Amino acid sequence: MNIRLGMIGAGGIAVSRHLPNLTKIEGVELTAVANRRYEKALAVSRQFGFRKIYRAWTEVADDPEVDAVFICTPPYMHAEMTAYCLERGKHVFSQARMAMNLPEALDMLRLDRATGLTTMLCPAPHYMQVENYVLRLLKDGGIGDVRHIVLSHPTAMFADPHKPLHWRQRADLQGINVLDVGIMGEVLQKWFGPVKTVSASGSLWTKERPADADGKTAVYLPDSVTVIGQFEAGMTLTALFTGAVKGGVSSMTIHGSEGTITCFPEQAYVLLGTNGEQTRIDVPADERKEWTVERDFVAAIREGRKGTPSFQDGARYMAFTQAIADSIRTGQRTGVSAP
């Protein structure tokens, strides 16, 4: 079964990840591309061999020769583009984060449930390589009963106050999506089940920046977010997400009654702590989960099913993100309204 693909948005992840991998899949044809800057679409077309270049994204979805669409824009367009593509009978792969907020995500989920078309969200790459091993260790009771999950995700992304406003700091493009909050909401709830409640605070260290390409200067999304939460299964969550520091190392530590596991983004090993000692364990090659999202989406289309992460998974992590945003806004402990 040949699949003719259209791409809306031809930025960083499209060029660095999706397109190189799509060109390696037999029976996949890169048919049409559109980008906000036409020159970028033209360059990407030349690099990867798209047959058609459009100035308007709607033209990609309207093209009768396109079977499926990759949406690679910031979140502000995901809901509108998804609805438009599904209405025209196109399978949809959407970049993460799923939507601007929970209501938009729920709208997307309703549309998804009403169609047999394949839909899929881009998965979180964080901790992907150790996921299978850690989940097996937890299932086998390797550290006893899980009691506490501690996240620390520090980066220097926004540490320099003289850097121009980044698009990830713009609420008009990102909505409620901040730093790694949504990514880790996806990972946490996949590994440990739903989060029940959160208490969160946000800090904005640099309130105004030099103008970005669109002339925007004010910063509205926080530079850092601190979260205390509880899972439905009973374990607690303590998390720091920040883009305003230097020299930090991101990690997730899982504390159990009989031991502790610490893992790191993009690394294929864990630290296992028991009886006051810590041992490095390299995850066996056959248990490492690799980035195969393009093949996963194409396989789901060919098999006539939904992809993973599903829109249901996305709505769940958007509920987590929404609860954190609401808690920051109100200063109150907030329930997570999981769909």
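**Entry 1**

I began with strand S12 (residues 260-263), which is joined to S13 by four bridges in an antiparallel run. The model I am reading is a predicted one. S13 and S14 run antiparallel and are joined by six bridges.

I then checked how covered S13 is. Five of the six residues of strand S13 (residues 269-274) are buried, so I noted the strand as mostly covered.

**Entry 1: The two hairpin turns**

I went through the turns next. The hairpin of S12 and S13 has five residues between the strands. Glu266 is in the loop between S12 and S13, and its phi is positive, near 70 degrees, though the residue is not a glycine. With a relative accessible area of 40%, Glu266 is partly exposed.

The hairpin of S13 and S14 has two residues between the strands. Asn275 lies in that loop and has a positive phi of about 55 degrees, again without being a glycine. I have Asn275 down as exposed, because its relative accessible area is 82% and the cut-off is over 50%.

At the S15 end, I found two bridges that join strand S8 (residues 195-203) to S15, and the two run antiparallel. Val198 stands opposite Thr334 in S15.

**Entry 2: Aromatic pairs**

I counted aromatic pairs and got eight in the structure. One of them is Phe93 with Phe297: the ring centres are 5.5 Å apart and the planes lie at 65 degrees, so I recorded the pair as edge-to-face. Phe93 belongs to strand S5 (residues 91-94) and Phe297 to helix H9 (residues 293-303), so this pair ties together parts that are 204 residues apart in sequence. Both Phe93 and Phe297 are buried.

I also looked at Trp191 and Phe192. Their ring centres are 6.1 Å apart with the planes at 65 degrees, so this pair is edge-to-face. Trp191 counts as buried at 9% relative accessibility, and Phe192 counts as buried at 8%. Trp191 and Phe192 form one aromatic cluster with Tyr127 and Phe231.

**Entry 3: Charges over rings**

I noted two arginines over aromatic rings. Arg17 lies over the face of Trp291, at 4.3 Å from the ring centre. The charged end of Arg280 sits over the ring of Tyr269, 3.8 Å from its centre.

**Entry 4: The second largest pocket**

I opened the second largest pocket, which holds about 470 Å³ of space. Its lining has 26 residues, and those closest to the centre are Glu186, Lys190, Thr308, Pro309 and Asp313. Which elements give two or more residues to the lining? They are helix H8 (181-192), H9 and helix H10 (311-330). H8 supplies the largest share, five residues. I sorted the lining of this pocket by class and got ten nonpolar, seven polar and nine charged residues.

**Entry 5: Cis bonds**

One joins Thr308 and Pro309, with omega about 5 degrees. Pro309 is in the loop between H9 and H10, and I had already listed Thr308 and Pro309 among the residues closest to the centre of the second largest pocket. The bond from Ala96 to Arg97 is also cis, with omega near -10 degrees. Arg97 is in the loop between S5 and helix H5 (102-113).

**Entry 6: Arg88**

Is Arg88 buried or partly exposed? Arg88 is partly exposed, with a relative accessible area of 35%. I took one distance from it: the C-alpha atoms of Arg88 and Thr206 are separated by 43 Å, and the two residues are 118 apart along the chain.

Notes. Residues numbered from 1 in each chain as written. Predicted model: local features only at pLDDT ≥ 70, side-chain atom pairs only at ≥ 80, totals over all residues. Heavy atoms only, no water. Phe/Tyr/Trp six-rings, centres within 6.5 Å; stacked < 30°, edge-to-face > 60°. Buried < 20%, exposed > 50% of the residue type's maximum accessible area, 1.4 Å probe, protein only. Lys NZ or Arg CZ within 6 Å of the ring centre and 35° of its normal. 1 Å grid on protein atoms, 1.4 Å probe; cavity = no way out; pocket = protein on both sides within 12 Å on 5 of 7 lines; lining within 4 Å. Points joined across faces, edges and corners; volume = space filled by probe spheres on them. Nonpolar A, V, L, I, M, F, W, Y, C, P; charged D, E, K, R; others polar. Pairing = 2+ DSSP bridges.
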